[in-house]
Amino acid sequence: MLSYLINRFSKSFYQIGVRVKMLKIEQVKVFVCNPGRNFVTVKIITEQGIYGIGDATLNGREMAVATMLEEHIAPCLIGRDAHNIEDIWQYLYKGVYWRKGPVNMAAIAAIDMALWDIKGKVANLPVYQLLGGKSRHAVNLYAHANGESISDTLDKAEALIKQGFKAIRLQAAIPGLAVTYGVLGDKKDYFELQGSRPLPPEETWSTKKYFAMVVELFKQARERLGDQIDFLHDVHSRLTPIESARLGKLLEPYDLFFLEDASIAENQDNYQVIRQHTTTPLAIGETYNSIWECKSLIQNQHIDFIRTAATHAGGITAMRRIADFANLFNVRTAPHGAPDLSPICFAAHMHLNISAPNFAIQEFVGFDNEQLNQVFKHNYTVESGMAFVSDAPGLGIDFDEDAAKALPYKRSYLPVSRLEDGTVWNW
Ligand code: GCO
Ligand code: MG
């Protein structure tokens, strides 16, 4: 009798298991479109007609990723089971002799996002539910205030505060330099809004001129905006480690939420130099393609925030591993949210942000370009400086193939930076 029951019991489990049908990948489509700037999008379609989408945009190198996907990755995916996200990730990462790299990892990332999108649709659940559910009710955002002068920046910050933002990145033009990173000007020809730049524009950098502006910016910001707003700033890797250490010290009285990309950390020990001199919180990671680039920064607690993006660090699967690792060392996540990451990446971040226990803040520039919204149909809402995740199954975002086809790719580059004597510098 007992063996009969055990037999029946295990049999019914077995039968339940069998009901999870294989989701054969039938087609992998790749689109490169330009609704105001270039985006690379992947669409994976299963035999059952269920599809998922992913972002593979690598600013200035879009066609390299599109070729990687079309030529090298798509043919290996046809016929595989879309359910096996982890195995497909390992197959594309470990299974290939040549690991990591921005082109490769952006391609893997897009496939991974599309597979999570499919899994959510099949389960009829938003992706965050598959990641363990909500750790918070909404996602804190930081907005950008970029000005032609300090007072212009602070005017823009005041307008954002009126909209309800409680965390603002402040960037202002550097007197004496023709162009400053992050400042739009009236030309509307700043990289964030680029349509096409057939050749890389060149810019000049001066650390001395920058220091003269930046400390004054935060002094005036505290005087004018009070002590209840979180301020952030992106150095965009222009300083050496000891210069970063000095800047961190000079900014301590103004209590930054974080100082981003103060120095390059190809040599991860650079951050030890900065860390030992300043208590200004440090953030880095938007260009990282894997956990290996931030491993020692995190485990030595030389940074406070890790800014990897789903599109560049290997998708939702990889972002989740980075977040969990960072959590062991009190490092919180603050994903990159520049306009060259498509709304699909933003949607992926929303699911990660709402679920990760150690999420801190999401960079947010908004998607208020009409063409862009024709191509990408997103579903989240923003209120009082916070974003609310979509409860639609999957990632909660859709892609209009026809709208995308009507807006073809245009070659475009990021700028190149030089010192005043002509030496190539970090842009
Ligand atoms: C940020 C970033 C971006 C990058 C851009 C490059 O913090 O938002 O630094 O502005 O420059 O993503 O493609
Ligand atoms: Mg940045």
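How many Å separate an oxygen atom of ligand 1 from an N or O atom in the side chain of Asp340? The separation is 2.7 Å, a polar contact in the sense used here, namely a pair of N or O atoms within 3.5 Å, where within protein one atom must be able to donate a hydrogen and the other to accept it, and residues adjacent in sequence count only if both atoms are side-chain atoms.

The model is predicted, so local features need pLDDT of at least 70 and side-chain atom pairs count only at pLDDT 80 or more, while totals for chains, interfaces and linings use all residues. Residues are numbered from 1 along each chain as its sequence is written, chains are lettered from A and ligands numbered from 1 in the order in which they are written, and side-chain values use heavy atoms, with hydrogens and water left out.

| Residue | Distance to an oxygen atom of ligand 1 |
|---|---|
| His236 | 2.7 Å |
| His336 | 3.2 Å |
| Asp340 | 2.7 Å |

On its own, ligand 1 has 340 Å² of accessible area, of which the protein covers 95%; such areas come from the Shrake-Rupley method with a 1.4 Å probe, and for residues only the protein chains shown count as cover.

Asp234 in strand 7 (residues 230-234) and Glu260 in strand 8 (residues 258-260) are 26 residues apart, a pair that links distant parts of the chain. Helices (H or I, at least four residues) and strands (E, at least two) are DSSP runs, numbered from the N terminus. Asp234 is buried at a relative accessible area of 2%, and Glu260 is buried at 1%, where buried means under 20% relative accessible area, exposed over 50%, and partly exposed in between (1.4 Å probe, protein chains only).

**Strand 4 and its partners**

Eight of the nine residues of strand 4 (residues 139-147) are buried, which leaves the strand mostly covered. Two strands pair if DSSP finds at least two bridges between them. Strand 4 runs parallel to strand 5 (residues 167-172), to which five bridges join it, with His144 having Arg169 as its bridge partner. Strand 4 also pairs in the parallel sense with strand 12 (residues 362-363) over two bridges, and here Leu141 is partnered by Gln362. With strand 15 (residues 386-388) the direction is antiparallel, again over two bridges, and Val139 has Ala387 as its partner.

Another group of strands forms an open sheet in the order 6-17-18, with mixed pairing. Strand 6 (202-205) and strand 18 (424-425) stand at its edges, each with a single partner strand, so one side of each is left without a neighbour in the sheet. Strand 6 and strand 17 (residues 416-419) are parallel and share four bridges, among them positions where Glu202 stands opposite Val416 and Glu203 opposite Ser417. Strand 17 and strand 18 are antiparallel, joined by two bridges, and Ser417 stands opposite Trp425 in strand 18. The hairpin of these two strands has four residues between them, and Gly422 takes a positive phi near 100 degrees there.

Helix 4 (residues 102-123) has 22 residues and reaches 31 Å from its first C-alpha to its last, close to the 32 Å expected at 1.5 Å a residue; the expected span is 1.5 Å times one less than the number of residues. Asn124, which follows helix 4, has a positive phi near 60 degrees.

Gln301 is found in the loop between helix 10 (295-299) and strand 10 (305-306), and its relative accessibility of 36% counts as partly exposed. From C-alpha to C-alpha, Gln301 and Gln371 are 42 Å apart in space, and they are 70 residues apart in sequence.
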